[in-house]
Amino acid sequence: MSRYSFTAAAGPLPAEVGAAVAEACRDYEGCGSILGLSFVSERFKRLQQETEAALRRLLAIPQHFRVLFLSGGATAQFAALPFNLLAGRTAVYVESGHWSRRARDEAARHGPVTTLPREGLASFAAWGSGADAAAYCHITSNETADGTQYGEYPEVPVPLLADMTSDFLTRPIDFGRVALAYAGTQKSIGVPGLTVVILRDDLLGRAASTTPRVLDYTVQAAADSRVNTPPVFAIFVLRAMLAWIEAQGGVTAMAAIARRRSEAVYAVVDGHPAYLAVAPAALRSRINPCFRLAEAAQTADFLAAAEAAGLHDLKGHPDLGGLRVSLYNGLPEAAVAALTGFLEDYARRRCAGRA
Ligand code: PMP
């Protein structure tokens, strides 16, 4: 029996990427293991340049945007954003769930920020102007814990910053609307340890003088992201994932796959009274569908049956409960088929006649 994990914390690497990574751990370009590659070597600088070039191709990143390869996860970026961009002003944080609150709480350590509910964004008018204008507006592109996602990025009159940790490279990005995007790479594009930040040139040079150098975008951009040791191995894995995504047809292909897979999951959930989808239809995530059992007391039984069928880590976020599926780029097709088959079967076997 195959074993699949649907954990939200990290995504699997496709088999061919896993094989390339294993080989590089043995030997990289005839120079020994990638694990021992020096970050000051020309070989690493070439690897970093190729990775950036592939990212620029795949996402059509405009020339006036910089790409940074940092460490510390999206959580470090929650801290970096206010240091780099508040410049004594306030900011607007759109609250859409667990991770947007975490980002907002970090910024609130610097001073008052405006929190808006997601539904309030379209009608919000108090952006301020001139020196009183909000420094930026922050959104969480895909709420990993809550199972909601922006269908398209909002248009706002200040720079829009987006945490894309759980849907980066699962769809195109409109850089006409997004001024700064950041994402940890452990879900759809590699392994933990690396955070990609893509930001518009004009956002550089605004950092507070107390900004830690390692978090300072201007300092990192000037040093080609090598203020300190970059996560060499994770950058190698990212390049391998980008090559794989390109071979699949790029981000539009990834978006089509995520759409098809999530629709298959939601179709089963909506098709059986035994299941209840958590998010309203218009907000549903294509990456982290969340649902519950109509009879919540059966959740432990459901999870045990799923594990017995080789389907692991379907438990919802600890703060929110329920069930959650994560459909990151590297998840094999067979995993989705096995999951939807199990959901159908479980609803029929265990819940027949109860709803
Ligand atoms: N933002 C989002 C949307 C996330 O899903 C996560 C991790 N699940 C984070 C931020 C935090 O990422 P990290 O733990 O890598 O800092």
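Partly exposed describes a residue whose relative accessible area lies between the buried range, under 20%, and the exposed range, over 50%. This term is used in the legends below, which describe close-up views of a predicted model.

**View 1. A salt bridge joins Glu-155 and Arg-177**. The side chains of these two residues meet at 3.2 Å, taken from N to O. The pair links distant parts of the chain, 22 residues apart: Glu-155 belongs to the loop between β7 (148-149) and β8, and Arg-177 to the loop between β8 and β9. Arg-177 has a relative accessible area of 26% and is therefore partly exposed. Glu-155, with a relative accessible area of 64%, is exposed. Side chains of opposite charge can pair when their charged atoms come close.

**View 2. Strand β8 pairs with strands on two sides of the description, β5 and β9.** Strand β8 covers residues 160-163. Leu-160 and Ala-162 point one way from this strand, whereas Leu-161 and Asp-163 point the other way. All four of these residues are buried. Strand β5 (residues 137-140) pairs with β8 in the parallel sense over four bridges, and within this pairing His-138 has Leu-161 as its bridge partner. Strand β9 (residues 178-184) also pairs with β8 in the parallel sense, over four bridges. Here the bridge partner of Asp-163 is Tyr-182.

View 3. Glu-52 is partly exposed, with a relative accessible area of 23%. Arg-56 has a relative accessible area of 18% and is buried, because this value is under 20%.

**View 4. Arg-200 and Asp-202 meet in a salt bridge**. Their side chains come to 2.6 Å from N to O. Arg-200 is partly exposed at a relative accessible area of 23%, and Asp-202 is likewise partly exposed, at 36%. Elsewhere, salt bridges that share partners join Glu-95, Arg-101, Arg-104 and Asp-105 into one network. The count of salt bridges comes to 24.

**View 5. Tyr-275 takes part in aromatic pairs with Phe-291 and Phe-302.** A search of the whole structure finds twelve aromatic pairs. In the pair of Tyr-275 and Phe-291, the ring centres are 5.6 Å apart and the planes stand at 85°, an edge-to-face arrangement. This pair links distant parts of the chain, 16 residues apart, with Tyr-275 in strand β11 (residues 275-277) and Phe-291 in strand β12 (residues 290-293). Both Tyr-275 and Phe-291 are buried. The rings of Tyr-275 and Phe-302 have centres 6.4 Å apart and planes at 85°, so this pair is edge-to-face. Phe-302 lies in helix α8 (residues 299-308), 27 residues from Tyr-275. The relative accessibility of Tyr-275 is 3%, and that of Phe-302 is 0%, so Phe-302 counts as buried. Ring pairs link Tyr-275, Phe-291, Phe-302, Phe-342 and Tyr-346 into a cluster.

**View 6. Arg-118 lies over the face of Tyr-150**. Arg-118 is placed at 4.0 Å from the centre of the Tyr-150 ring.

How values were computed:
Residues numbered from 1 in each chain as written. Predicted model: local features only at pLDDT ≥ 70, side-chain atom pairs only at ≥ 80, totals over all residues. Heavy atoms only, no water. Buried < 20%, exposed > 50% of the residue type's maximum accessible area, 1.4 Å probe, protein only. Pairing = 2+ DSSP bridges. Salt bridge = Lys/Arg side-chain N within 4 Å of Asp/Glu carboxyl O. Phe/Tyr/Trp six-rings, centres within 6.5 Å; stacked < 30°, edge-to-face > 60°. Lys NZ or Arg CZ within 6 Å of the ring centre and 35° of its normal.
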